[in-house]
Amino acid sequence: MMRTATVKRVTNETQIELTFAIDGEGKTELETGVPFLTHMLDLFTKHGHFNLSVHAKGDTHIDDHHTTEDIGICLGQAIREALGDKKGIKRYGNAFVPMDDALAQVVIDVSNRPHLEFRGQFPSEKVGTFDVELVHEFLWKLALEARMNVHVIIHYGRNTHHMIEAVFKALARALDEATMIDPRVKSVPSTKGML
């Protein structure tokens with residue numbers, strides 16, 4: 001079973017083609033136009049053992065908002081599509097990741113009920129030219145479009161780059177766990193009979 005999906009999104013602000021494979025090898029082909037986001041998506045893919053291709057053009061001459069948001073939308077849609085009927089998955093994932101001074105935790109429920117809970121404050125407003133408020137925007141659109149519960153807790157940290165990196169690595173590991181096939185699960189892991 002190939003759990004993969006390709007999503008295209010074309011607006012007046014962005015043009016995106018994104019392909020995501022759950023069962024990958026950590027391979028990336030990334031052209032986002034947003035260098036810090038490219039870095040985060042690269043390590044997300046490596047640490048989740050996914051494959052991810054993103055070709056995006058956006059109005060980054062204004063700022064990185066639309067491109068970051070729309071990549072989050074596309075990635076969420078691709079995750080949802082790649083999961084299909086969700087039969088046999090573990091459903092839940094939890095990961096703690098340290099990054100030097102920072103410790104982040106991400107907990108996921110592939111529940112078909114979108115929600116983002118984000119607990120944490122960044123000490124700076126930018127990493128390079130990247131507005132760190134876009135981390136929340138990206139994660140909210142990802143959770144919404146993938147229809148997942150995503151809880152992000154940044155326990156502590158002093159360096160904003162390290163804190164965000166810990167979040168993306170924890171997101172990868174939690175999603176990897178939640179989407180793993182458990183041979184004991186014969187249908188979907190829900191008393192409702194569907195996710």
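**Close-up views of a predicted model**

**View 1. Where helix α2 meets helix α3.** In this predicted model, the α2 side of the contact is made by His 65, Thr 68, Glu 69, Ile 71, Gly 72, Ile 73, Leu 75, Gly 76, Gln 77, Ile 79 and Arg 80, and the α3 side by Leu 134, Glu 137, Phe 138, Lys 141, Leu 142, Glu 145 and Ala 146. Sorted by class, the residues of this contact are eight nonpolar, five polar and five charged.

**View 2. How α2 and α3 pack.** Here we look at α2 (residues 65-83) against α3 (residues 133-146): their axes are 7 Å apart and form an angle of about 30 degrees. Angles under 35 degrees count as roughly parallel, so α2 is roughly parallel to α3. The crossing of α2 past α3 is right-handed.

View 3. Most residues other than glycine have a negative phi. Arg 91, in the loop between α2 and β5 (92-99), has a positive phi of about 85 degrees. Which of the two is buried, and which partly exposed? Arg 91 is buried, because its relative accessible area is 8%, while His 49 is partly exposed at 46%.

Conventions:
Residues numbered from 1 in each chain as written. Predicted model: local features only at pLDDT ≥ 70, side-chain atom pairs only at ≥ 80, totals over all residues. Heavy atoms only, no water. Axes fitted to C-alpha atoms, helices over the stretch in contact; angles between N-to-C directions. Helix = DSSP H or I, 4+ residues; strand = E, 2+ residues; numbered from the N terminus. Parallel < 35°, antiparallel > 145°, perpendicular 65-115°, else oblique. Left-handed = near helix turned anticlockwise from the far one by under 90°. Contact = heavy atoms within 4.5 Å. Nonpolar A, V, L, I, M, F, W, Y, C, P; charged D, E, K, R; others polar. Buried < 20%, exposed > 50% of the residue type's maximum accessible area, 1.4 Å probe, protein only.
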